[in-house]
Amino acid sequence: MSDIIELTLVELANKIKKKEISSKEVTTAYVDRSEKSKKLNTYITEDFENALKKADNFDKNPNYEKKLSGIPMAVKDLFCTKNLRTTAGSKILGNFIPTYESTVTENLWNAGAILLGKLNCDEFAMGSSNETSFFGNVQNPVGEDLVPGGSSGGSASALAAKLTPITIGTDTGGSIRQPASFTGTVGLKPTYGSCSRYGIVAFASSLDQAGPMTRDVKDCSLLFEVMSSYDYKDSTSVDFKRRNYLNDLNNSIKGKKIGIPKEYRVDDMPKEIEGLWQKGIDIIKESGAEIIDISLPNTNYALPTYYIVAPAEASSNLARYDGVKYGFRSKGENLIEMYEKTRSEGFGNEVKRRIMIGTYVLSSGYYDAYYLKAQKVRKLIKNDFDEVYKKVDAILTPSTPSSAFKIGEKTNDPVSMYLNDIFTVPINLAGLPAISIPAGLDSKGYPLGLQIIGKAFDEQNILNIAYSMEEQIDFKNEIKDWWM
Amino acid sequence: MGIDLKTVKHISKLSRISIDDEKAKKLEADLNSIFSFIEKLNELETQQVEPLSSIAETTLQLRKDEIKSTNIRDQILKNSPEESKDFFVVPKVVE
Amino acid sequence: MAKNQSEYLIKRNNNEYEVIIGLEVHAQVLSESKLFSSSPTKFGAEPNTQVSLVDAAFPGMLPVINEFCIKQAIKTGIGLNAKINKRSIFDRKNYFYADLPQGYQISQYKNPIVGEGSITLDLPTGEKIVGIERLHLEQDAGKSIHDMDPQNTLVDLNRSGVALMEIVSKPDLRSLEEVNAYVKKLRSIMRYLGTCDGNMQEGSLRADVNVSVRKKGQKGFGTRCEIKNVNSIKFMQMAIDYEANRQVDIIEDGGTIDQETRLFDIKKNETRSMRSKEDAHDYRYFPDPDLLPLELSDKFINDLKKNIPELPDEKKKRFIEKFKLSSYEATILVSDIETSKYFEEVIEKSDVKLSTNWITGELFALLNEKNLEISQSPITAKNLSKLINLIKNGTISGKIAKSVFEIMTERDKDPQTIIEEKGLKQQSDPMELEKLIDKVINDNQDKVKEYKSGKEKLFGFFVGQAMKVSSGKANPQLVNEILKKKLK
């Protein structure tokens, strides 16, 4: 039985199709393990009873033609799931039960997958350590009292701890890739517009993108195939020819040109990160691809740009949480008092901070100096990538400037928390795809990831490169089940 | 660009989030630290640069003028904080 | 440009003040579904039954724009002789209110879909051209109901998300009469185009009125105040009059006008400052990241231009040139699309002059009396046309026609049928008439003597007698002719 949880998605899917195992067996294995792992605090809402029923029903009436036939999985609590509580990690949606389904999760269930429950995340996806959730911190299975990263911390932790075979998250400034790096798993942020945003609790509309989080690149390719679709209900959804990413996976990267951006070599870069990056460069060279030094001159302006654009959009997107139509409401003598108390009590500190930043940078007299300026710099950052992509096919960088830190270590200094996203943020600003794969362990034995950035809509290419590197790296997560 | 307590109070009013003096002081410090970090953008000359209008590589999709949504009042009011069959109920606005 | 003979001036002490007026009209777009969602737009539905998840701003909901609403806005722009902007942007206007579920309204700020244009007003003193600043599309808000519950406000989101066209005029209006003409003309153009039904009682058309004053002859504009959400022309005029006088009083007292937003209180007949807006709204406009810029092709715009129907100004010109109507008559007949349709249907088969007179005379009087729109006329164009033809071919006299008209009001019967039923055919047989007239003359020899000796006015007496004897059926023209002959 315990072998079931060791299987990857691709292996599981095959075994189920061949009737070697039943969906009920798989689901039971994951439910059991999840029930024993409450210490990690990865789940906000469990739906185990229903999951077991659905697995049972599947086995009684199986359809093996689907890509995720009978596969149980938990998802980040930012995706609206019909009739199952969806909180976005916040008190203000603490009892919200959607009557509708997000397009991405709809795609999963249509492909035969079964919902296990909703996973913890930073409140409204704002955070890099899953320490801002109203429902408490998440533990990184890599080590006790370590953060799993954020905002998709619950997802990464559950995945690494094998409480779910696969999961999905969202990435606005690094929220899939950074936790993937911290937990030794694979996380893909696809090109902006490839996965529908309909039914996902919005944080920053021009940056948010849902993506797969898996144990390996093959799983990632398959899950991405299922998630990605054109959705007319999302005006920013792009209608492009989506490939059979798994079938077309190819580990030969001979002749590919991989760029190494000098601006990513930051001051005080830890030697281990530098070493890891070099390891990646060597692997690529050995595989017959070419390493090219490139420059992305406006890289250093990406974080400040992000911390104007994202809060600005968030301040507007979160205005709907006013206690009028749904969610938490605090009593007030009049409407304004009701608003002020509801939002003050319903939102956590980080969310309030970002709403205030956002409100300020859009306010009268400051719009030009901040928001407009940031949109111009964003253009420059995108241009940087467009330029280098005339010379290279993909870019290799570290995923994070460090491995997982201790819970509570960075909570007092917002800026030091923001610096976690230094390598991931430029990619969201440019709308490009990027994948993080585990590349090694640091001296403390904690995982570190490497990031491969691609051209828009060229996920196949970065999946291929990741697949090739993964084979050479042969990463092994040394997670012991210390929390059980 | 320093942010003072008065500004913090003004922004919290605009964003409809009530804030006590103690929290306001902490926020003042946090915001100032975040803003000095953001000020870095002033190093760049961007007069001639066009702001990004959208990162989505597509054009605005136009929808046909058809009614697709039916009466779903039950669903709409289901999560309402106040019990009501047909309206949303809020405390009175002070006109 | 015609000079206003009766200028609208506010006189105080020895000073005369001009009133500068600009209107921001909000017109609900005629469409099946809303601007960014596919729920229905019909007026009068049960509360919250025409609300989609997008309208109620549920988490994760996104806007998708209605192509038809875009077309309606462009058509209106064409009707206003305005520049159609090929590229326009939708911005979020951020503020909090119970009937604004998103906490922002999707509108257009610096890049509206339609730019500058103009409207020609038909005033008694002549034509006046009023400038249009711009037209943009935006979402309407829901409704807050304050008087159903003493403790609470109830919110109905049916209207939330319905497409509005905001049409901003230049500050070219100078009198209450011009305001009336402007709103009527704008409404008429949109009704001709089918882009807005202009039904002010149902709220399809409302206006924010900007008012400022300045001493006559002064250059530049004074500080203006905005009076929000006025939903009838009468109230607009009352509000403007009150506000202009209020401002003049302040200036005369040596004070200055505060730029502010005001409401018109219809019970007290005065404007007052809106207290809740004391910290002036900072709308924090920014382009909506859930949408993209709207880019229109020349073909898209030209296809719409090709299919624009004949609009009031054009139609008026054509009526004057082709049918030789007076400017006054033409103006009335084109003032509303239903009227012009009715007229054009009648004149298909009937004499233009008679049709004009009967429509602008008898029919309008009837509609006014019964407080009906022409589309609700008890007498159809078809039957009025028949009636007019019966007059023209001499079957009945104009006078008899009036009685038939009255009867038609009850039952809209075919006038031919009524005439036959009531035996109202006019007597046009010359032989019969001669006999009749001979009798009248014989019975009134003394009057004949008086007439022949110079009392010409008595002619009318004989006509009257002939009509009396014939129970009104004698053909008046023939009676005239025969009498003239016989009384020579």
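Two residues are taken to be in contact if their C-beta atoms, placed from the backbone, lie within 7 Å. By this criterion, and leaving aside residues up to four places away in sequence, A:Ile452 touches A:Ala394, A:Leu396, A:Ala434, A:Ile435, A:Ile462, A:Ile465 and A:Ala466. The model is predicted: local features need pLDDT of at least 70, side-chain atom pairs count only at pLDDT 80 or more, and totals for chains, interfaces and linings use all residues. Residues are numbered from 1 along each chain as its sequence is written, while chains are lettered from A and ligands numbered from 1 in the order in which they are written.

A:Ile452 belongs to the largest nonpolar core, which has 250 residues. Such a core is a set of buried Ala, Val, Leu, Ile, Met, Phe, Trp, Tyr and Cys residues joined through C-beta atoms within 7 Å. A residue is buried if 20 or more other C-beta atoms lie within 10 Å of its own, exposed if 12 or fewer, and partly exposed in between. A:Ile452, A:Ala466, C:Tyr182 and C:Val209 have the most contacts inside the core. Another core, of 28 residues, lies apart from it and includes C:Ala330 and C:Ile332.

C:Ile320 counts as partly exposed because it has 15 C-beta neighbours inside 10 Å. Beyond residues up to four places away in sequence, C:Ile320 touches C:Leu325, C:Ser327 and C:Ala330. The C-alpha atoms of C:Ile320 and C:Thr331 are separated by 9.4 Å.

Chain B spans about 55 × 45 × 25 Å along the principal axes of its C-alpha trace. Of its 95 residues, 27% count as buried.
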